[in-house]
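Before you set up any calculation on this model, please read the notes below beside the coordinates. They go from the sheet to its core and then to single residues.

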Amino acid sequence: HSLPAMGVVSFAGRWAKIVTSEPVGRQTAFAGRVKGIEGDDVLFESEGKKLIKLPLRLISRARLEVEF
């Protein structure tokens with residue numbers, strides 16, 4: 001994975017874009033803030049402030065976005 005479980009903790013609070021290999025809640029691309037990790041899921045707050053659990057096994061791409 002490009003977002004290993006151990007690395008997610010350092011992403012916490014950061015703005016990121018994540019792409020999943022299978023739909024999660026009918027979408028595969030997410031933009032928002034990484035909140036942390038819970039079991040095998042990444043806790044992710046979408047742009048609409050909705051909390052989403054993204055299974056680590058489904059994450060195909062993830063990158064931090066620059067914030068100014």
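**Notes on the predicted model**

1. Strands β2 (residues 27-38) and β3 (residues 41-46) run antiparallel and are joined by six bridges. Strands here are DSSP runs (E, at least two residues) and helices are DSSP runs of H or I with at least four residues, both numbered from the N terminus, while two strands pair if DSSP finds at least two bridges between them. Within this pair of strands, G36 stands opposite L43 of β3.

2. On provenance, this is a predicted model, in which local features need pLDDT of at least 70 and side-chain atom pairs count only at pLDDT 80 or more, whereas totals for chains, interfaces and linings use all residues. Residues are numbered from 1 along each chain as its sequence is written, and side-chain values use heavy atoms, with hydrogens and water left out.

3. The pLDDT, which is the predictor's confidence in each residue on a scale from 0 to 100, averages 85 over the chain, and 87% of the residues score at least 70. Where pLDDT is low, the predicted coordinates should not be read in detail.

4. The strands form an open sheet of five, in the order β4-β3-β2-β1-β5, with antiparallel pairing. Its edges are β4 and β5 (59-64), each of which pairs on one side only. From one strand to the next the twist averages 45°, where axes are lines fitted to C-alpha atoms (for helices over the stretch in contact) and angles run from 0 to 180 degrees between N-to-C directions.

5. With β2 it pairs in the antiparallel sense over six bridges, and W15 has R33 of β2 as its bridge partner. With β5 it is joined by five bridges, again antiparallel, and here A16 has L64 of β5 as its bridge partner.

6. R26, in the loop between β1 and β2, has a phi near 70°, a positive value in a residue other than glycine, and R26 counts as exposed because its relative accessibility is 83% (exposed means over 50% relative accessible area, buried under 20%, partly exposed in between, with a 1.4 Å probe and protein chains only). K49, placed in the loop between β3 and β4, likewise has a positive phi near 70° without being glycine, and at 61% relative accessibility K49 counts as exposed.

7. Which residues touch the most other members of the largest nonpolar core? They are F44 and L54, in a core of 14 residues; such a core is a set of buried Ala, Val, Leu, Ile, Met, Phe, Trp, Tyr and Cys residues joined through side-chain atoms within 4.5 Å. Each of β1 (15-24), β2, β3, β4 and β5 supplies at least two residues of this core, and β1 gives the most, with three. Leaving aside residues up to four places away in sequence, F44 has contacts (heavy atoms within 4.5 Å) with residues including I18, F30, V34, I52 and L54.

8. V24, in strand β1, counts as buried because its relative accessibility is 15%. The C-alpha atoms of V24 and K53 are separated by 8.5 Å, although the two residues are 29 residues apart along the chain. Beyond four places in sequence, V24 touches F30, I52, K53, L54, P55 and L58.

9. E45, in strand β3, is buried, with a relative accessible area of 17%, and beyond four places in sequence E45 touches A31, G32, R33, K35, K50 and L51. E65, in the segment after β5, counts as buried because its relative accessibility is 18%. The side chains of E65 and R63 are joined by a polar contact of 2.8 Å, that is, a pair of N or O atoms within 3.5 Å; within protein, one must be able to donate a hydrogen and the other to accept it, and residues adjacent in sequence count only if both atoms are side-chain atoms. Beyond four places in sequence, E65 touches R14, W15, A16 and K17.
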